[in-house]
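The following report describes a protein structure with its ligands. The sequence and coordinates are shown first, and the discussion follows directly.

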Amino acid sequence: MSLLDSIDKNNVPAHVAIIMDGNGRWAQSQGRERIFGHLNGVEAVRASLKAATACGVKHLTLYAFSTENWNRPKDEVEALMTLLVHTIVGELDELDKNEVKLTMIGDFESLPDNCREELRKGMQRTAHHTRINLILALSYSSRREITEAVRKIVASGISAEKIHPDLISQNLGTAGIPDPGLLIRTSGEIRISNFLLWQIAYAELYFTETLWPDFGEEDFFAAIMDYQGRERRFGLTSAQISPSEGNILNETKNTGGLL
Ligand code: IPE
Ligand code: IPE
Ligand code: MG
């Protein structure tokens with residue numbers, strides 16, 4: 001039996017974001033080079049995409065390469081970029097067949113030429129799909145994303161009093177995509193590492209010791225189950241958000257425009 005059967009399909013986060021971490025440690029624990037872990041991480045990407053699609057998640061954002069990751073040893077960076085190109089080329093038919101729309105956030109221009117080319121092709125070919133949106137965070141920095149949003153807003157000449165949280169959201173790479181309801185990080189690290197800082201204001205955070213290459217479909221479902229066991233209060237009291245407890249304030253329910 002799969003945990004999928006126990007998931008309430010009416011309470012699945014529309015957007016799940018994952019910090020895919022632990023590839024290097026996974027490889028090193030087997031006496032292998034770090035890149036071996038990255039190679040095996042691709043299988044975990046397939047598994048999470050399959051699991052997310054199966055339970056009805058509409059947007060899946062995967063943190064694949066941070067701005068800070070450019071500072072890793074040259075060999076590792078090159079191997080990661082090569083792997084990215086091979087994975088996009090190798091998976092495109094499958095993505096298309098499964099009606100996955102491929103998009104990206106991050107600094108597209110900083111990626112190597114062949115990487116940009118294959119990404120562009122993949123995004124164009126799958127642009128019409130609506131089953132699930134796979135968002136790769138590549139050469140991504142949340143602080144830079146926010147900084148660029150501020151730059152665009154200032155350059156538009158808008159007056160200060162018209163600046164509103166929604167306007168900031170609309171100028172981020174994730175414009176038009178709901179904020180993640182759930183953020184997963186593998187490998188036991190309890191930090192955000194410059195990922196979606198604005199967008200995760202009210203996300204449920206789920207940390208697991210499992211290293212990314214070992215993260216399978218059932219692990220993804222377990223994270224969704226954990227999410228479903230939480231009470232999302234958005235600043236309200238418990239009584240306000242559970243009508244079964246006979247609360248009189250239910251009509252005042254207000255998520256403050258955060259969702
Ligand atoms: C995550 O695994 C993949 C990337 C950051 C590209 P790591 O490479 O960070 O693996 P660890 O954290 O060193 O084990
Ligand atoms: C975060 O992982 C970036 C990605 C998963 C792509 P890192 O391994 O780079 O993060 P830190 O350095 O441990 O914070
Ligand atoms: Mg890491």
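Phe195 lies in the loop between β5 (182-185) and β6 (204-207); helices (H or I, at least four residues) and strands (E, at least two) are DSSP runs, numbered from the N terminus. In this predicted model, Phe195 has a relative accessible area of 0% and is therefore buried (buried means under 20% relative accessible area, exposed over 50%, partly exposed in between, with a 1.4 Å probe and protein chains only). Not counting residues up to four places away in sequence, Phe195 touches Ala17, Ile18, Ile19, Thr61, Tyr63, Ala137, Tyr140, Ser142, Leu183 and Ile200, where contact means heavy atoms within 4.5 Å. Between Phe195 and Thr130, the C-alpha to C-alpha distance is 25 Å, at a separation of 65 residues in sequence.

## Basis and confidence of the model

Residues are numbered from 1 along each chain as its sequence is written, while chains are lettered from A and ligands numbered from 1 in the order in which they are written. Because this is a predicted model, local features need pLDDT of at least 70 and side-chain atom pairs count only at pLDDT 80 or more, whereas totals for chains, interfaces and linings use all residues; side-chain values use heavy atoms, with hydrogens and water left out.

The protein chain has a mean pLDDT of 95, and 94% of its residues reach 70 or more; pLDDT is the predictor's confidence in each residue, from 0 to 100. Over residues 247-257, pLDDT stays under 50, and the model has twelve contacts beyond four places in sequence for this segment. Where pLDDT is low, the predicted coordinates should not be read in detail.

## Nonpolar cores

A nonpolar core is a set of buried Ala, Val, Leu, Ile, Met, Phe, Trp, Tyr and Cys residues joined through side-chain atoms within 4.5 Å. The largest such core has 43 residues, and those with the most contacts inside it are Val16, Ile18, Leu60, Leu134, Ile184 and Phe220. Helix α3 (residues 74-97) contributes the largest share of this core, eight residues. Apart from it lies another core, of 14 residues, which includes Tyr63, Ile105, Phe195 and Leu196.

Val16 touches Val57, His59, Leu60, Thr61, Leu182, Ile184, Phe220 and Ile224, residues up to four places away in sequence not being counted.

## Ligand surroundings

Around ligand 1 there are 13 residues, of which Asp21, Gly24, Arg25, Arg34 and Arg72 come nearest; a residue is near a molecule or strand if one of its heavy atoms lies within 4 Å of it. Polar side-chain atoms of Asp21 and of Arg34 each lie 2.8 Å from an oxygen atom of ligand 1. For Gly22, a backbone N or O atom lies 3.3 Å from an oxygen atom of this ligand. The protein covers 87% of the 380 Å² of accessible area that ligand 1 has on its own; accessible areas come from the Shrake-Rupley method with a 1.4 Å probe, and for residues only the protein chains shown count as cover.

The surroundings of ligand 2 consist of Ile19, Met20, Asp21, Tyr63, Ala64, Phe65, Asn69, Arg72, Arg185, Arg191 and Ser193. Oxygen atoms of ligand 2 lie 3.2 Å from a polar side-chain atom of Asp21, 2.9 Å from a side-chain N or O atom of Asn69 and 3.3 Å from a side-chain N or O atom of Arg72. Of the 390 Å² of accessible area that ligand 2 has on its own, the protein covers 78%.

His38 is found in helix α2 (residues 34-55) and is buried, with a relative accessible area of 7%. Its side chain is joined to that of Glu76 by a polar contact of 2.9 Å (a pair of N or O atoms within 3.5 Å; within protein, one must be able to donate a hydrogen and the other to accept it, and residues adjacent in sequence count only if both atoms are side-chain atoms). Beyond four places in sequence, His38 touches Asn23, Arg72, Glu76, Leu80 and Leu83.

Thr208 is found in the loop between β6 and α7 (217-228). With a relative accessible area of 12%, Thr208 is buried; not counting residues up to four places away in sequence, Thr208 touches Arg185, Thr186, Ser187, Gly188 and Phe215.

## Positive phi values

Most residues other than glycine have a negative phi. Ser139, in strand β4 (residues 132-140), has a positive phi near 45° and counts as buried at 1% relative accessibility. Ser193, in the loop between β5 and β6, has a positive phi of about 50° and counts as partly exposed at 30% relative accessibility.
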